[in-house]
Amino acid sequence: MHNPTTEARPSIYYRYEVFKPWLASAHPQQDRKKVVVVGSGPAGMVTALELARHGVPSVVLSAELQFSQGSRAICFTRRSMEILQQVGVADRMTAGGLPWRFGNSFYRGQRVFRMEAPHDADDRFFPIINVQQQFMEEYLHDACKANPLIDFRWGNKVTQVDQKDGYAVLEVDTPEGPYALESDWVVAADGGRSGIRTAMNLQMEGASYEGFFVIADIQVDLPLPTERLAYFDPEWNPGNTILMHREPNGIWRVDYQLPPGETPEEALRPESLKARIDAQLAMIGHAGAKWTMDWSSVYSARTLTLPDFVHGSVIFTGDAAHLLPIFGVRGANTAFQDAQSLGWHLALVVKGLAGPKLLANHSAERVGAAREIIEEAGKSTRFMAPPSPGFRLLRDAVLSLSLTQAFVRPLYHWRTSRPHEYTHSALNSAGDDNGLFKSGPAHGAPPQNVRLGANDFLLDHLGGGFDLLYFTDAPALPDALQQVIQNVRAKGMPLNVIAVGAAQAVTGADQTLPDADGHLRQRYGVPANGGAYLLRPDQHICARWLTLDATRLQAALTTALPTPNHRT
Amino acid sequence: MLTPRRSAASAPTNTCATTNIVGAEAPTYFTMTDKALSIGGLESVYDALATAIDQAGADKAQLFLVKLALLNANALADEHLFQAQITAALQDL
């Protein structure tokens, strides 16, 4: 019997709703499901929403009866917001969030580095926006609830996964006891401590770093802008690093490293938290500021990934698939990219439009992304929390030099999460004109957003399938292209056609963007009419042509959606 | 005792101690530059470095030397040459 707490979690700023558990006895006998998503964090819910967008139903299982405890992930990148826009929650994130683009690093009372993240006029979203995770989960849950294809089940804890031939049987425990649930596919989005990963005895590759960090959320009134603050080797915590972030609702995140040897239990004692937070506030000139603790937790830096995310009928995603360091806001932000990718890859396989090869592509691309992040985040981690005396000595030398020597200061800039480019994806077209373009997003790159007008951006018009951007001022798409498009659509391939550059609606296109000033064309590096881009359902580029013809369009579509083999 | 190197052109006859100790690959880097310290210059560096290490004190000498190495590396502007120097310095510790 699984009995999650029915007591609302404590919070100063967030009122937790305790949901009713889903009970099998209150529902009719169930058929085998197409997809069961285990876990209702950012990865699980975005996967379910993307699947639904492609018409694929899913069951989402949450072991708890409420959203997660504490603010957890608070910094969301521009690409995350673009993904959240695709699943319909970006407006709510924007409404409640604190956008920012500057970061400051301090050493011995001096600001030794200022990070300025670029903000292009063509971007709808800021480089980063701060929103507490409970709100983000609430927005995603509301979107799931409003979607008839998503069957959301609170208080359902997966206790066992048995892989059969082409499907899996889950044992799901509830407050009235367990029930069995069959599904063709199981998405393991059950977080960093994934019980499914442990039960399947899957090994992760990579490194774990020693040293613990405390995260504490405090309510305090500080007259400071929304910018990231980082303090190195302060007097009250010698050799260690402190980070501060402003959160909505009068909350500040204080994140500090513990001296070697101190246990998480010692660090989380109220008197220990109080002494350190008081010391930090005093150091930044706010000694004696009145504050209240909301939530605290401890983490350690790890750079680990599964080498393959697909295991039979079980697909791992988000933190269940990899554990990434907090520096560079890589947890939830990577999870969104994983989930967006998984959603469309899996949907097209479930719909029989593609074979398992497409899932192998998903795994290869996202494992590649995880490895890239591990490589980059490893550098940040070695600076923030030096793993050996040598690394500590170098870090300390850089701190010392940074007071007078500009050349070392960029080392303070730990790289922020960014979308992985699928440069060598198997879905990229071999016979297109990718290499002939002088600018614009290349093979595998995420899309370049473009401002089209007041509150109107290119990405507002994309998604839900493949998108073909065709640059023309003619009244109609060439017949031969229209024929190819009709043929693939008749086979079920979701393909939207957007004509760019004509003042009137273009026959054969679903939408026409006039692009009167040619700005979109210029950002995409298209020199003349007849050029085109093919974007995948995650908006990454998989083909582009200076002059598109029917033969090469067909070839690109065939490459982008490998035909099914035999798997039910 | 170290022998100062001269120009790259005279390198074949100039098998100095510096090139011998860094092994087979490294000499490429050492012949890439025709800059070298004179004996007098080297002696000045020797004294200045020793004095500075003493000035930094035992507990800060390491930190001082790493700072100095980073400044030198930046002035050198050649990560491969710096790697060769690391290899050379790690010899015979």
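Me: How many bridges join strand E5 of chain A to strand E6 of chain A?
Reply: This is a predicted model: local features need pLDDT of at least 70, side-chain atom pairs count only at pLDDT 80 or more, and totals for chains, interfaces and linings use all residues. Residues are numbered from 1 along each chain as its sequence is written, while chains are lettered from A and ligands numbered from 1 in the order written. Strands (E, at least two residues) and helices (H or I, at least four) are DSSP runs, numbered from the N terminus. E5(A) and E6(A) run antiparallel, and the bridges joining them number six.

Me: Which strands are the edges of the eight-stranded open sheet?
Reply: Two strands pair if DSSP finds at least two bridges between them. The order is E6-E5-E13-E14-E15-E12-E16-E19 in chain A, with mixed pairing. Each edge strand pairs on one side only; the two are E6 and E19 (322-323) of chain A.

Me: What angle does helix H7 of chain A make with E15(A)?
Reply: H7 (270-283) packs on the sheet and touches E12, E14, E15 and E16 of chain A. Contact means C-beta atoms, placed from the backbone, within 7 Å. Axes are lines fitted to C-alpha atoms, for helices over the stretch in contact, with angles from 0 to 180 degrees between N-to-C directions. The angle is about 105°.

Me: Which residue of E16(A) is the bridge partner of A:Gly206?
Reply: Strand E12 (205-220) runs antiparallel to E16 (291-305) in chain A, joined by 13 bridges. The partner of A:Gly206 is A:Leu304.

Me: Which residue of E15(A) stands opposite A:Gln219?
Reply: E12(A) is also joined to E15 (251-257) of chain A, by seven antiparallel bridges. Opposite A:Gln219 stands A:Ile251.

Me: What span should helix H10 of chain A have?
Reply: H10 (389-402) has 14 residues. The expected span is 1.5 Å times one less than the number of residues.

Me: Which helix of chain B do the buried residues of H10(A) pack against?
Reply: Buried means 20 or more other C-beta atoms within 10 Å of a residue's own (exposed: 12 or fewer; partly exposed: in between), with C-beta atoms placed from the backbone. Among the buried residues of H10(A) are A:Leu394, A:Val398 and A:Leu401. Their partners in chain A are E5, E6, E13 and H9. The chain B partner is helix H4 (61-76).

Me: How many residues of chain A are in contact with chain B?
Reply: Chain B gives six residues to this contact. The number from chain A is eight.

Definitions and conventions:
Contact = placed C-beta atoms within 7 Å.
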